[in-house]
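Visitor: I'm new to reading protein structures. Could you walk me through one, a feature at a time?

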Amino acid sequence: MTLFLVSIALLIGGYFIYGAIVERVFKINPKLDTPAISMRDDIDYIPLPTWKVFLIQFLNIAGLGPIFGAIMGVMFGPAAFLWIVFGTIFAGGVHDFISAMMSLRSGGSSLPEVVGRELGKNVQQVMRVFSLLLLVLVGAVFVLNPADLLAGMTPDYLDRVVWIGIIFIYYMLATLLPIDKLIGNLYPVFGFTLLFMAVGLLVVLLFGGMTIPDGISEGLHSRHAAGVPIFPMMFVSIACGAISGFHATQSPMMARCLKNEKLARPVFYGAMVSEGLVALIWAAAAITFTHGYEQLNETLSGSTPAALVKNISVTWLGTFGGFLAIIGVIAAPITTGDTALRSARLIAADMLKFDQKTFWKRLVLTLPIFAITFAVMLIDFSILWRYFAWCNQTLAVFTLWAATVYLARHRRAYIITMLPAMFMTAVSVSYLFAAPRPEGLGQPLSLAIAVGVCAAIALTVIILMYIKKLKLATPVKED
């Protein structure tokens, strides 16, 4: 229980203390017009109430990530709690806030454009392809999973194919319609539901006579039944509850709806901290409900996180909890898939310099994206999806290095992004080398870590040399 309570306190404190430091380093300017004001088109650029922007951002970046990721990640032991806390404060929150502010200062530009501006045209082209493929993959998978769940809960005539069609129609509308029409009205409801469910579990954990077997007194070694090492595996398993590159593809959507820069920390850093809190609660709930790490490993060896989520919700929160669990397990992935495809449209529009003010121009870009998504759905995902976690963290690496260059170019304390960039570089490269084939190269762990550390050092040297060259060649320019 102590580790859990301290973790919650540190996360909340991190928002107010380190979040304020990051905000001060970036130097927000409340007097500047945001893109929602200066570029308003009532389609993608439109000022929304701050509470709506927060809830939409929270659900955009969360979905099932802080639930399933935390449950799978806590199988590694109490180190998971520490990674959620420190990863959120020093990596995820910084990543989300700085990338969102970079988008704000560049007219709401999508991630590849923001990264390309700092790291060059070649990296920009790679990021365009990489981001689009990742978002299409997310959209495709988050059609299939909810469709399968809904087909199992409804009459036979509402089979998998029917639900795929229904979800595709919803995705099309969410991608094409002005953001305040569908997403702006549905997302706050589901975002609040996800938070409400977490708060209900927190009340049970704190006041329901529960004992949280965190095992911190026994050390931080891995508790994974298969003997999977903490580094780098845990840092890839727990992504959305600590740091996730996917977030940076979503933030430009809300950067186009924010009314003032002073709201950026509550929305972007705050949403990340909220996601970390949700991850902490579900991690604690999983080991408490199953009575320990060994039992949790046994439970998940013959089941899925979805089944455990439902059992915890129904047992602790009753019928209403079961209803919330169903909404969470079905609605959360759908609300990840739709914004992934909307982000894909925005990235394609920025890449092609294609105006999106008219419905038909949006349709011209959307139809090819949906055609590719449908084609990808026909592929066996058993192998492809294994790469998602690594691709996700690699995306965070690119974003953090771009943020480092941005801060350095503006003579600001770029160490706040450089340190997490170095760490995540080591994680991503080590994972690629250590993960078993076919998702990785299957090399010995010691070799994989050595290569990862060397890659982080080498990339740091390259970036520092690049920064020095920029400082010498380019005068300081404040946004």
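Guide: Let's start with L5, which is partly exposed because its relative accessible area is 40%; buried means under 20%, exposed over 50%, and partly exposed in between (1.4 Å probe, protein chains only). L5 sits in helix α1 (residues 2–26); helices here are DSSP runs (H or I, at least four residues), numbered from the N terminus. This is a predicted model, where local features need pLDDT of at least 70, side-chain atom pairs count only at pLDDT 80 or more, and totals for chains, interfaces and linings use all residues. Residues are numbered from 1 along each chain as its sequence is written, and side-chain values use heavy atoms, leaving out hydrogens and water.

Visitor: How many Å should helix α9 span?

Guide: Helix α9 (residues 183–207) has 25 residues, so at 1.5 Å a residue it should span 36 Å, and its end C-alpha atoms, 35 Å apart, agree with that. The rule is 1.5 Å times one less than the number of residues. Just after α9, G209 takes a positive phi of about 70°.

Visitor: And is H247 buried or exposed?

Guide: H247 is buried, with a relative accessible area of 0%. Its place is in helix α11 (residues 246–255). A polar atom of the H247 side chain lies 3.1 Å from the backbone oxygen of I61.

Definitions and conventions
Helices (H or I, at least four residues) and strands (E, at least two) are DSSP runs, numbered from the N terminus. A polar contact is a pair of N or O atoms within 3.5 Å; within protein, one must be able to donate a hydrogen and the other to accept it, and residues adjacent in sequence count only if both atoms are side-chain atoms.
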